[in-house]
Amino acid sequence: MQELHDAPLAPLTTFRLGGPATRLITATTDAEVVDAVREADAAGTPLLIVGGGSNLVIGDQGFAGTALRIATQGFSLDGTRLELAAGEVWTDAVARTVEAGLAGIECLAGIPGSAGATPIQNVGAYGQEVSSTITEVVAYDRAAGETVVIPNAECAFSYRHSRFKAEPDRYVVLRVRFELEDAGGLSAPIKYPETARTLGVEAGDRVPAATARETVLKLRAGKGMVLDPEDHDTWSAGSFFTNPILTEPEFAAFHARVAERLGPDAKAPAFPAGEGLTKTSAAWLIDKAGFTKGYGTGPARISTKHTLALTNRGEATTEDLLTLAREVVAGVHEAFGVTLVNEPVTVGVRL
Ligand SMILES: Cc1cc2nc3c(=O)[nH]c(=O)nc-3n(C[C@H](O)[C@H](O)[C@H](O)COP(=O)(O)OP(=O)(O)OC[C@H]3O[C@@H](n4cnc5c(N)ncnc54)[C@H](O)[C@@H]3O)c2cc1C
């Protein structure tokens, strides 16, 4: 276990933003994680769990408390059963399951961060979400003061959300268990239209799992969604906003605003999102509200490759980033009456 004081947090985040933590502990075993959490809780010290820092917006003033970086390791595959320690690098774990010929998470390749963070916002991309393959999450329950095993059905997974995100100060994920599929080296059925188109197959078809993974990685790289330290378009948290989910009356009002602003033939993206609910595209809203790729003149700008990613061009502060984010939220609201919600977790700041 390593301990530092007044430790900068910016280098631990993909935005490279945020001030220092009073104390930074790096834990390499589950026991160290639990000990550090127990100690902070007993002392009443605020605690911030840090995985890969790819979904964190930390305030410029930093974090007054203990930041606990989870650096545990453990990849265990037993047939189709996979168990990952929370600190495992997610995209590397995906690659290993594909090499083992298994299906289920191949389209989640290239998502930065740790395995332990994947249940937090039910990580998803290109037609897959971890909620489809997670069987159990092993977590330290800070309220009960003990380690618990939470089955999938009790994780309250939904679009970019879960029980863990709903109760951010309660669970520290130690291990995540998955049930993958042995489809003889083939992928799970390809669901995402763009992936199917690129692969030249129909939605629902299977392709070699390795091909699915490589295709997703290529598509992601083209959008600045694979980390590359040389490319400021990836100094981000990926999508900065979630796709809005609208009720029927909200969607009707939105539809009217779209027609008013863009003409009667304009059609906003609309996907069924459960009983009476429609999901629309945050990227589309941002673009149509006038915030196109590369928008901005300051040190925080919209990615040149994807309207949904806000980025640090190198010299930004968290305040610069938030100013841009607030401008986008206000602009989209004014244009379409829809309020965008940030996807990354904010620490010590609010949008
Ligand atoms: C370029 C880029 C592309 C991205 N693409 C996607 C995408 O396609 N789909 C997607 O869903 N996300 C995407 N993201 C967001 C991000 O990668 C995921 O949310 C990822 O799961 C975050 O993991 P992390 O380890 O970096 O978490 P962190 O950023 O370190 O933490 C995020 C939150 O989880 C909490 N947390 C972390 N680890 C634990 C733990 N073990 N126990 C309890 N709480 C914990 C933290 O306290 C914090 O609240 C992208 C980000 C980037 C930078």
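Glu 343 lies in the loop between helix 8 and strand 18 (345-347); helices (H or I, at least four residues) and strands (E, at least two) are DSSP runs, numbered from the N terminus. The model is a predicted one: local features need pLDDT of at least 70, side-chain atom pairs count only at pLDDT 80 or more, and totals for chains, interfaces and linings use all residues. Residues are numbered from 1 along each chain as its sequence is written.

**Annotated active site**

- The UniProt annotation "active site", from an unreviewed entry, covers Arg 160, Ser 239 and Glu 343; UniProt positions are given in the numbering used here, feature names are shortened, and annotations may be inferred rather than shown by experiment.
- These residues span 184 residues in sequence, yet no two of their C-alpha atoms are more than 11.0 Å apart, so they gather at one spot.
- Glu 343 counts as partly exposed because it has 19 C-beta neighbours inside 10 Å. The rule is that a residue is buried if 20 or more other C-beta atoms lie within 10 Å of its own, exposed if 12 or fewer, and partly exposed in between, with C-beta atoms placed from the backbone.
- Leaving aside neighbours within four places in sequence, Glu 343 is in contact with Gln 121, Arg 160, Ala 237, Ser 239, Phe 240, Phe 241 and Thr 242. Two residues are in contact if their C-beta atoms, placed from the backbone, lie within 7 Å.
- Ser 239 sits in the loop between helix 5 (209-222) and strand 13 (245-247), and counts as buried because it has 21 C-beta neighbours inside 10 Å.
- Again leaving aside neighbours within four places in sequence, Ser 239 is in contact with Leu 308, Ala 309 and Glu 343.
- Arg 160 is placed in the loop between strand 11 (146-151) and helix 3 (163-166). With 18 C-beta neighbours inside 10 Å, Arg 160 counts as partly exposed.
- Arg 160 is not a glycine, although its phi is positive at about 50°.

**Overall form**

- The secondary structure of the protein chain comes to eight helices and 18 strands.
- For 351 residues, a compact globule would have a radius of gyration near 20 Å, and the 20 Å of the protein chain agrees with this. The radius of gyration is taken over C-alpha atoms, and the globule rule is 2.2 Å times the number of residues to the power 0.38.
- Along the principal axes, the C-alpha atoms fill a box of roughly 60 × 50 × 40 Å.
- Of the 351 residues, 45% count as buried.
- Among contacts with a separation of 6 or more, 61% are between residues 24 or more positions apart.

**Domains**

- The domain assignment gives domain 1 (2-70), domain 2 (75-222) and domain 3 (232-347); such bounds come from an automatic or database domain assignment.
- The C-alpha centres of domain 2 and domain 3 lie 25 Å apart, and four residues of domain 2 are in contact with four residues of domain 3.
- On the side of domain 2 that touches domain 3, the residues divide into one nonpolar, two polar and one charged. Ala, Val, Leu, Ile, Met, Phe, Trp, Tyr, Cys and Pro count as nonpolar, Asp, Glu, Lys and Arg as charged, and the others, Gly among them, as polar.
- The UniProt annotation "domain: FAD-binding PCMH-type", also from an unreviewed entry, covers residues 17-183. That span is 17% helix and 35% strand, and its end C-alpha atoms lie 42 Å apart.

**Nonpolar core**

- The largest nonpolar core has 97 residues, and those with the most contacts inside it are Val 33, Leu 68, Val 172, Val 173, Leu 321 and Val 332. A nonpolar core is a set of buried Ala, Val, Leu, Ile, Met, Phe, Trp, Tyr and Cys residues joined through C-beta atoms within 7 Å.
- Helix 8 (residues 318-336) gives the largest share of this core, eight residues.
- Not counting residues up to four places away in sequence, Val 173 touches Ala 86, Gly 116, Pro 119, Val 137, Ala 139 and Phe 164.

**Other residues**

- Thr 147 is in strand 11, and its C-alpha atom is separated by 9.1 Å from that of Val 172, 25 residues apart along the chain.
- Asp 6 is found in strand 1 (residues 2-8) and counts as exposed, with 11 C-beta neighbours inside 10 Å.
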